[in-house]
Amino acid sequence: MDLNKQGDFFGDYENRDSALNVNDGVKQPPIINPYLNIKKKPAIKSVDEYMDGILSGDRVVLSQAITLVESTLPSHRAVAGQIIQRCQKISSGKRTMRIGITGVPGVGKSTFIEAFGSHITSRGHNLAVLAIDPSSEKTKGSILGDKTRMETLVNDPHAFIRPSPSEGSLGGVARKTRETILLCEAAGYDVIFIETVGVGQSETAVHSMSDFFLLLMLSGAGDDLQGIKRGIMEMSDLIAITKADGANIDRANMARALYANALHLFPPTESGWVPTAVTSSAVDKTGLDDILAKIEEYFKLVWDNGYYDRHRREQSRYWMYESINETLKNMFYENPRIESLMPDYEKAVLDGQLESFSAAEELIDKYLGKI
Ligand code: GDP
């Protein structure tokens, strides 16, 4: 319609979609989707049933148990809590390898995990691939969501892939992933990959639940260009320069030397391990052996020198505090009184009528029933 033409706009307006006309409403679809195949929600199994399934390597039951771990329903959480406890007991003393893997999008992480994961299972390991992706709620699982990217691993009977739990806060996502690790280990997965997109805070969370931290880097782009913070390099046990194939081999080797040098400048690690850099190609399947050799070397060192156990215990302590923080925070924000007061307080702070610290203090006092 040409809005400049008066006739068009005003002429016979009664027949037009004008606010002055009563139009037929949009035809409403039936309230219940006739195509919907209503299935009864499967009832929650007993803790024993979940445990039997998990211990016998039943992946369906393992997945169902993880779904409970990820659930926010109190009834699910109660069962999940018992499963987690039992799994933790079963796994304690087992020597598993928790490997955090990060790198910016496009570095070739999915392709690498597919190639390296298959390499690992071909060596007799059982591999679980988990992810921490706090953006997954918005993007509906940007990493691992699209399982077709890992076709071989998805069909590998020795691999179990689970996308990131989707929940708003990083703390919540991370806690669930950490609990999922315990379930997978009880189910017999001795190598756990915890993947994250290397662009934010989630590396620290992944680092705090893994024994070994692998950073994937591109050649030809400075770490500043890759958005990799110094802190992330500093916590890496191994840097792998990806896509070292074809015309890229020389550049990859140069980058490897550069990063190996950079790693030397960092203070010695607590584990006694000397981080280093290697090259790899997921397409040519080169460098995968080197990476596995480095990882095995690392674990031999830390199993022997006691760092592995000490570090795991420290991580447990860290997660105790994280859990307390997360639970307290949720209790506060989910409290009905606080929920109803919050908009007014927020408005008062935004309007400059109330100072932020006083607002916080008052709200907390109200939560505690002091006022
Ligand atoms: P992600 O976003 O980090 O998960 O990266 P992808 O695994 O999706 O890979 C990004 C792009 O890099 C894709 O086009 C891959 O085909 C390509 N790629 C991944 N690994 C390699 C490799 O080892 N060599 C080459 N030449 N290309 C690769």
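Guide: Welcome! Before we start, helices (H or I, at least four residues) and strands (E, at least two) are DSSP runs here, numbered from the N terminus. Keep in mind too that this is a predicted model.

Visitor: Thanks! Let's start with K243, then. Where does K243 lie?

Guide: K243 sits in the loop that links β6 to α11, the helix of residues 249-264.

Visitor: And is K243 buried, partly exposed or exposed?

Guide: K243 is partly exposed, because its relative accessibility is 37%.

Visitor: Which residues does K243 touch?

Guide: Leaving aside residues up to four places away in sequence, K243 touches G106, V107, G108, L218, N248, S280 and S281. With G106 there is a polar contact as well: a polar atom of the K243 side chain lies 2.8 Å from the backbone oxygen of G106.

Visitor: How far apart are K243 and D284?

Guide: In sequence, 41 residues separate them, while in space their C-alpha atoms are 8.7 Å apart.

Visitor: What about the backbone at K243, what is its phi?

Guide: Phi of K243 is near 60°, a positive value, and K243 is not a glycine. For background, most residues other than glycine have a negative phi. K285 also has a positive phi, near 60°.

Visitor: Where is K285 found?

Guide: K285 is in the loop that runs between β7 and α12, the latter covering 288-305. K285 counts as exposed, because its relative accessible area is 54%.

Visitor: You keep mentioning β strands. What order do the strands of the sheet have?

Guide: Seven strands form an open sheet with parallel pairing, in the order β3-β2-β4-β1-β5-β6-β7. From one strand to the next, the twist averages 25°.

Visitor: Which strands stand at the edges?

Guide: Those are β3 and β7 (276-279). Each has a single partner strand, so one side of each has no neighbour in the sheet.

Visitor: How many bridges join β6 and β7?

Guide: β6, residues 238-241, pairs with β7 in the parallel sense over four bridges. To pick out one of the residues involved, I241 has T279 in β7 as its bridge partner.

Visitor: Which way do the residues of β7 point?

Guide: T276 and V278 point one way, A277 and T279 point the other way, and all are buried. In a regular strand, side chains alternate between the two faces of the sheet.

Visitor: Switching to helices: how many residues has α3?

Guide: Helix α3 has 12 residues, 59-70, and spans 16 Å from first C-alpha to last, close to the 16 Å expected at 1.5 Å a residue.

Visitor: Which residues of α3 are buried, and what do they pack against?

Guide: The buried ones are V61, L62, A65, I66, L68, V69 and E70.

Visitor: Last topic. How many disulfides does the structure hold?

Guide: It holds zero disulfides. C87 is in none, and the nearest cysteine sulfur to its own belongs to C184.

How values were computed: Residues numbered from 1 in each chain as written. Predicted model: local features only at pLDDT ≥ 70, side-chain atom pairs only at ≥ 80, totals over all residues. Heavy atoms only, no water. Disulfide = S-S within 2.5 Å. Expected span 1.5 Å × (residues − 1). Buried < 20%, exposed > 50% of the residue type's maximum accessible area, 1.4 Å probe, protein only. Pairing = 2+ DSSP bridges. Axes fitted to C-alpha atoms, helices over the stretch in contact; angles between N-to-C directions. Contact = heavy atoms within 4.5 Å. Polar contact = N/O pair within 3.5 Å; in protein donor to acceptor, adjacent residues only side chain to side chain.
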